[in-house]
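My notes follow in the order I took them.

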Amino acid sequence: MVNGVLLRPLPYANGDRLVVLRQQQPLANIEETFFSVQEIEDYRTRAHSLDGVVEFHDMWFILLGRSEPERVATGVVSANFFDVLGVQPALGRGFQQADDGPGAPAVLMLSHEYWQRSFAGDPTVVGKVFQMNDRPHQVIGILPPVPPYPVEVDVYMPTSACPFRSRTALIEDRAMRMMQAFGRVRPGVTIEQARADLAVVAAGLQASHPDVYRETDGYRIAAIPLQEELTRSFRTTLFVLLGTAGFVLLIVCASIANLTLARMVRREREIAIRAVLGASRVRLVRQLLTESTILALIGGALGIGLAAWGVDLLIAYAEPFTRTTDIRIDRTVLLYTFLMSVGTGVVFGSVPAFGSSLGIAPALRDGGRTTQNRQSARNALIVVQVAASFMLLIGAGLTLRTVINLQRVDPGFRTDNLLTMRIDLNFSKYQAEQIPAFWERLEERLRSEPGVLAAAAGGTFPLNDRGPFSGPLQIEGRALPPNMPRPQVDFHIATPDYFLTIGQPLLAGRTFTHGDRGLTPDLPVVIINKTMARHYWPDEDPIGKRINGGGTRWFTIVGVVADTLQRLNEPAHDEVYRPMLQVGQLSTTWLLRTNVNPQVMERQLRSAVRAIDPDQPVDHFRTMAEVRSASLESPRLTAVLLGLFALLALVITAAGIAGVIAFSVNQRTQEFGIRMALGARRASVLSMVLRQGITLVLAGLAIGMGGALVLTRVLTTLLFGVQPTDALTFLAVSMVLVAVAAAACLIPARRAASVDPMVALRVS
């Protein structure tokens, strides 16, 4: 996984020169704002360190001309978008500048995944014409299987084909931002030089347009290598898993070295005889290293087989967070496995080889009894195993507690029997004044469906992967102090029954009514959440206050609702809700509270929508329970993987402890017989053996605890509701390790206590 995600170059011809451009307003705590058409053109013409600047934004359109209307995710891109990325079509041709001119025929390129999913990889789809946005669109090419970035889409179109991007009002408005931008650094230019060049352009824009780039908000441009951006959200988790695998490898190697040391004791007479017969020390060492290396190579081959079986699981785990097209077993992985196998075989095979004196007389005289030095080496290896296991168990315990804490979080609404679905109207079919009427008809129809208790719509919903729109806030009668950035809040839309349907309690005032309608209402109204009310009106009633969302219209607050969470691991944001019937929203998410299993209602609801408009697609059916479960997928899978690694380490360590104690008991059989012959009780012998094992474990715990206190700080960004140094987790893991070690020592300890003194004294 590390090779495919971090080490392999991007599957683009110019992958090492691609950068993500990101406008930021640090004083307003805004890490990213989109680009307007004019801003993209400014950077395209003024940034001399880049030889290409391209744009991207995604929209949902309805594709007609197949058996059923289909809602497709559409990427709107510059004509040279794929040329800058260095991607050539797998079939057909790519976009050309002529495709992006005014009045040019509308064309499409299909993503490889969509082509396989919807057209079963049919090559004859190239050249076919489909209807979209009330005009014909011809498929001109199929993309290869490259990682989708910044989001996964089904089809791509040039900017001139997008009915929104091609509007004159949008093109001429510098503050109308809806695009993302990417650049390609010129050959020979470093990323630092490119950033300095972009900073000069940004300073010039701020000086030329102070009304757009306010000094109080700050303004700067960031250039982030695409390779770094693609792994940003997954990098910490990947390094944690890599470190975990390294600890498991260390534990396994220590266990093998311990077993080999024990085996050397039994083979000392054999090796001494070989030396007597003329074998040199070099030859004997070479024999031992060869044996250990062969075993390591066999283990590596078995590991490759296991990895081939599990690679699909790794891809499924990583897919939501980073590119996975290059996660596979290739020559680099095979070479790495070979080198690690040989390396571990040589290094840990050399411990007994070079640690043995290979003395002839002592071996022939003592019959292969171990020396104190070798026993100390085995004890040290056990301490290392226990320390590494302790650190792994701490990591697993912390991530497990994170998952438990997240599952206990109250999202602020009811998730039971709540179904969501996505509906996007065809903008070319519905004019602005027709949109509210369609939504009202649909709401009435859905409420009348059998099994539906309540139905409502919004732009998004809590825990959804696509959050709400954020914008500036201005409160009537409160002028901002000089050099104070505008506060940002989240803006939602909702139908009158939204809060009832989702189970979000009303705390003050009223909810929306069907009278809150009209695109230019006499009384624009909004509802705010509890966090916003407490934040801006801590000692007064916000009902009746007026706010502005950055435009010219003022909205009157008519209600306060309880908080809901957009992310389970984040506190509630300041939120503003507007009536959907006052917005003219084309893209909506519908929520339906049912008294039956919501998973069986998909066909029924599709029929209800098509009874109103036969060409209207409906998709993205998900229960809210599924949405909540998906939001926990990343921490849950991380906890499972760390837990499996830790469990494996615990088993290996327990086996190692049991093996060392059993070998020690076997070597000390005569000693135990003498002790009991002199009057020692069996309980004292049992206690002595257990004490030997527990002492090793306590030493390992002390070392492991120190290491865990340092290493668990890496997990900080992956934890929720628990500190990296959580005392309860450390105590629980310590108790588990001591208990497992005691159990591992018990069998050989009982064997030592059951030694017959007469038999033991006859052992030579």
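**Entry 1: ground rules**

I am working with a predicted model, in which local features need pLDDT of at least 70, side-chain atom pairs count only at pLDDT 80 or more, and totals for chains, interfaces and linings use all residues. I number residues from 1 along each chain as its sequence is written, and side-chain values use heavy atoms, with hydrogens and water left out.

**Entry 2: the whole chain**

I count 22 helices and 23 strands in the chain. Both are DSSP runs numbered from the N terminus: helices are H or I with at least four residues, strands are E with at least two. Along the principal axes, the C-alpha atoms fill a box of roughly 105 × 60 × 60 Å. Of the 764 residues, 50% count as buried. Here buried means under 20% relative accessible area, exposed means over 50%, and partly exposed lies in between (1.4 Å probe, protein chains only). I also looked at contacts, meaning heavy atoms within 4.5 Å. Among contacts with a separation of 6 or more, 81% come from residues 24 or more positions apart.

**Entry 3: H2 against H6**

How do H2 and H6 pack? I find helix H2 (residues 37-46) and helix H6 (residues 191-208) at an angle of about 130°, with axes 10 Å apart. Axes are lines fitted to C-alpha atoms, for helices over the stretch in contact, and angles run from 0 to 180 degrees between N-to-C directions. H2 and H6 are therefore oblique to each other. The classes are: under 35 degrees roughly parallel, over 145 roughly antiparallel, 65 to 115 roughly perpendicular, the rest oblique. H2 passes H6 in a right-handed crossing. A crossing is right-handed if the near helix is turned clockwise from the far one by less than a right angle, and left-handed if anticlockwise.

From H2, I list Asp42, Tyr43 and Arg46; they meet Asp197, Leu198, Val201, Ala202, Gly204 and Leu205 of H6. By class, this contact of H2 with H6 has five nonpolar, one polar and three charged residues. Nonpolar covers Ala, Val, Leu, Ile, Met, Phe, Trp, Tyr, Cys and Pro; charged covers Asp, Glu, Lys and Arg; the others, Gly among them, are polar.

**Entry 4: serine 49**

Serine 49 sits in the loop between H2 and strand S3 (50-64). Serine 49 is buried, at 6% relative accessible area. Setting aside neighbours within four places in sequence, I see serine 49 in contact with Arg184, Val185, Arg186, Val189, Ala194 and Asp197.

**Entry 5: arginine 22**

Is arginine 22 buried or exposed? Arginine 22 is buried, with a relative accessible area of 10%. I place arginine 22 in strand S1 (residues 18-25). Its side chain makes a polar contact of 2.7 Å with the side chain of glutamate 229. A polar contact is a pair of N or O atoms within 3.5 Å; within protein, one must be able to donate a hydrogen and the other to accept it, and residues adjacent in sequence count only if both atoms are side-chain atoms. Not counting residues up to four places away in sequence, arginine 22 touches several residues, among them Glu31, Glu32, Phe35, Arg220 and Arg232.

**Entry 6: two positive phi values**

Alanine 120 has phi near 55°, a positive value in a residue other than glycine. I find alanine 120 in the loop between helix H4 (112-119) and strand S7 (129-132). Alanine 120 is exposed, at 65% relative accessible area.

Asparagine 133 also has a positive phi near 55°. Asparagine 133 lies in the loop between S7 and strand S8 (135-142). At 9% relative accessibility, asparagine 133 counts as buried.

**Entry 7: helices around H21**

I took H20 (residues 682-711) and H21 (residues 727-753) next: their axes come within 8 Å and cross at roughly 150°. H20 and H21 are therefore roughly antiparallel. The crossing is right-handed. By class, their contact has 21 nonpolar, two polar and two charged residues.

Helix H18 (residues 633-667) packs with H21 at about 30°, axes 9 Å apart. H18 and H21 are therefore roughly parallel. H18 passes H21 in a right-handed crossing. Contact residues include Leu650, Ala654 and Ile657 of H18, and Val736, Leu737 and Val740 of H21. By class, I note 15 nonpolar, one polar and one charged residues in the contact of H18 with H21.
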